[in-house]
Amino acid sequence: MRIKNGNYELTFDNGGVEVCKEGKVLYYNKRPIYAFIKTSMAVIEFFDQAYETVRDSGDGKVTAEGVLTTPNGSRLQFIDEYVTEWKDFVINRTINVMEQSEDDLGFASKISFNLPDAETIRDYHCFAPATWYRDNEYARPFVIGYDEECEYHWRKETGLTLPLFAAQSKKTGETIMLSRSKSDVKLPGRKKSKFSQLIDEKCNVGSIGLSKPEDKTLAYLYYGYPVRKQTGAKRDGISIDYVYPAADGQVGDHQQMFYVDYMIKNKTFDRVLHPMEKDFIDKYEVRLNLGCFDDFYPMMKWAWRSVYDRLRDELFEVDQKLQYQNNINAMKYLARDYGDGAWGVPFSAFLPDFDVDSISLQFGFVGQQPGIGYQLMDYGLREGDEEAFTKGQNMILFWVKNGANPQGAPYGCYSPINKEFEPYPVWLRMSADGLENILDAYVLTKKKTEEHPDWLQFCENAADFFLKVQNEDGSFYRAYNHDGSMRMDSKANTISIVRFFVQLYLVTGKTQYKDAAIRAGEWAFENVYKNMEYRGSTCDNEDIMDNESGIYAMFGFQALYDLTKEDKWLEALLGAADYTETWTYSWTFPVYSDRPECPLSKRSISGQSPVTIGMGGGDMYMAACAYIYYRIYIITGDDHYRDYAEFIHNNSRNANDVYGDFGYAIKGLSWEGGDFSDQELKTLHHWLPWVTYVELDPTSRLLNTFGAYDIAGCEKLSMEEKQKRNNIYDI
């Protein structure tokens, strides 16, 4: 018996299921009925068996059934229905508790396929959005996929920006993907607890990933000791699994509370199970997708878009003009002189009351002082608002007059309290942020016949500092000491300075800046793009994979494409764009919140994005990318990029008090971010300047380039007109 879909088919024989292509078995499961049973000893045991009956149910549907009986006498009836839908195989599973033993407390199950050509997990490149890319060599040790010695590499769906996991054979390119079928997550009955094997009948979240278990149970006691016991399930190599309800792990625990010396490496493995109660019924649906790709990038793009098109959350309706005005009004209100001409806005404040927690003026990154200054100037000139323009200009003037060390490198942070610059290293990414905005302010005023040669000189002095420290291979280090010596030896951040060099060349005509940009771009093309080494852009994190490194790769590669129109830069731009997009929560699920004044207590979490790999939760930094994705749409004609640009432009505002109905002291502000991957909102509820900046920047760029505050307004222009306006370096 078989079901065919394109080049692939499912065949059923001897109670098992095989995935075949042109007669060759790619994946299989000899014993598809698989249950995890929590016993009265608080140990989870495993049992599996083949289907007992398989029948053709008509209309291309195959129904497979069987009853699994545990050693304690509980009986679980499995009914699996296999059907095709468009390019997917859909697997509907129903489990009925027919009999219950008092010694069996809870259960879970998995839909699984073995990968016969894999001896280790490193035989496959894996993709789980914002969690696992290729071999996950740039992740923290406690993220799944990093430690290949673990038996289980499962991640709860709510920790993924889309609920999918894809595994690509390095030998053949053949790819298998499992994903949640519908965006129908409910709130669990119990909140997450540490070291848990919880029984929760309301939890309907699953987990996805790889496993290669020993034929022993694995449960960690509360202090980390692993309990191993022979189990009834048979080992059959490495498999891709969909586990329901969820299990998280097995990973090293970065928040281990106890350090008992058993001469072992402590790990965690958290599980949720459903109650073993007579007549309790489990129902869940999984999608199986198959393909073959010659590289990781096209596989990742296929996997992401396949699920995005099915599960993308609805658009959040936003009056973008109102929100832009909210942000301008907020920054105009907050900008002030903190003494001796140190103009800026606070570094952090707690919401909803805007209780200011810290005053420190940061050049870029989360502080974005010159960036906010430029945005106020841009608005002030466009709308004739002298107050906005003057305050913004004062913010720029402070940095131009005071913000460079004797070598020309920009300082990172100024303390108005101590009236001195803080001992920050010279971060490459942070420097690029501030320098770009000071240069933008110079170009803006020059267009209005107001010349500020000292602003341009500030930028050139900084550029010359970086020219001196550029490595022979074209790369830059992540951070430098103020004398130009290396502070952090990672080079992955090289691309973050490229857009500044390109624009400085266009403003000055000095070829050394163009040459520096191209040399840096060449290094980044070979090392960042080809190796998928998007890491280190978040200056307050380790040098690990993150979303902002993808964003800055987009900025740099697009600037080089704008400059040269060479196909290689477009290739790298699209690669970075397809990677970066996968960091956005594009589906939604409900979360607990005990803070009703927080917008996410009542709105969708979609549009938020994790900061670093494997963490879940996140912030609204992807708002920064609406403009660049819209430009990519105009360059490529690919409607997906237009759709995604609109999605992040709108849904990142889910976290904003756009209409004033959440009672924030200053209308339109947003929290900085937090965790919600366990369906419980955990955050400091505080605002930082970058939050407002990354909304202002793409909106003002859309307005200045295409004449509209939102994507719908931009779309009123003809494609010919949009393409004509898409030359952002027309200075």
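Student: Let's start with histidine 685. Is histidine 685 buried or exposed?
Tutor: Histidine 685 has 6% relative accessibility, so it counts as buried. Buried means under 20% relative accessible area, exposed over 50%, and partly exposed in between, with a 1.4 Å probe and protein chains only.

Student: Before I go on, what sort of model is this?
Tutor: It is a predicted model, where local features need pLDDT of at least 70 and side-chain atom pairs count only at pLDDT 80 or more, while totals for chains, interfaces and linings use all residues. Residues are numbered from 1 along each chain as its sequence is written, and side-chain values use heavy atoms, with hydrogens and water left out.

Student: Back to histidine 685, where does it lie?
Tutor: Histidine 685 is in the loop between β36 (682-683) and β37 (686-687). Strands are DSSP runs of E with at least two residues, helices are runs of H or I with at least four, and both are numbered from the N terminus.

Student: And what is the phi of histidine 685?
Tutor: Near 55°, a positive value in a residue other than glycine. Most residues other than glycine have a negative phi.

Student: What about arginine 134, which element is it in?
Tutor: Arginine 134 belongs to strand β13 (residues 132-134). Its phi is positive too, near 55°, and at 15% relative accessibility arginine 134 counts as buried.

Student: How many residues of α5 are buried?
Tutor: 18 of the 20, so α5 is largely enclosed by the rest of the structure. Threonine 449, which follows α5, has a positive phi near 65°.

Student: Last one: what is the strand order in the open sheet of 3 strands?
Tutor: The order is β29-β30-β31, with antiparallel pairing. The edge strands, β29 (361-362) and β31 (420-421), each pair on one side only. Two strands pair if DSSP finds at least two bridges between them; β30 (residues 413-415) and β31 have 2 bridges. Tyrosine 414 stands opposite phenylalanine 421 in β31.
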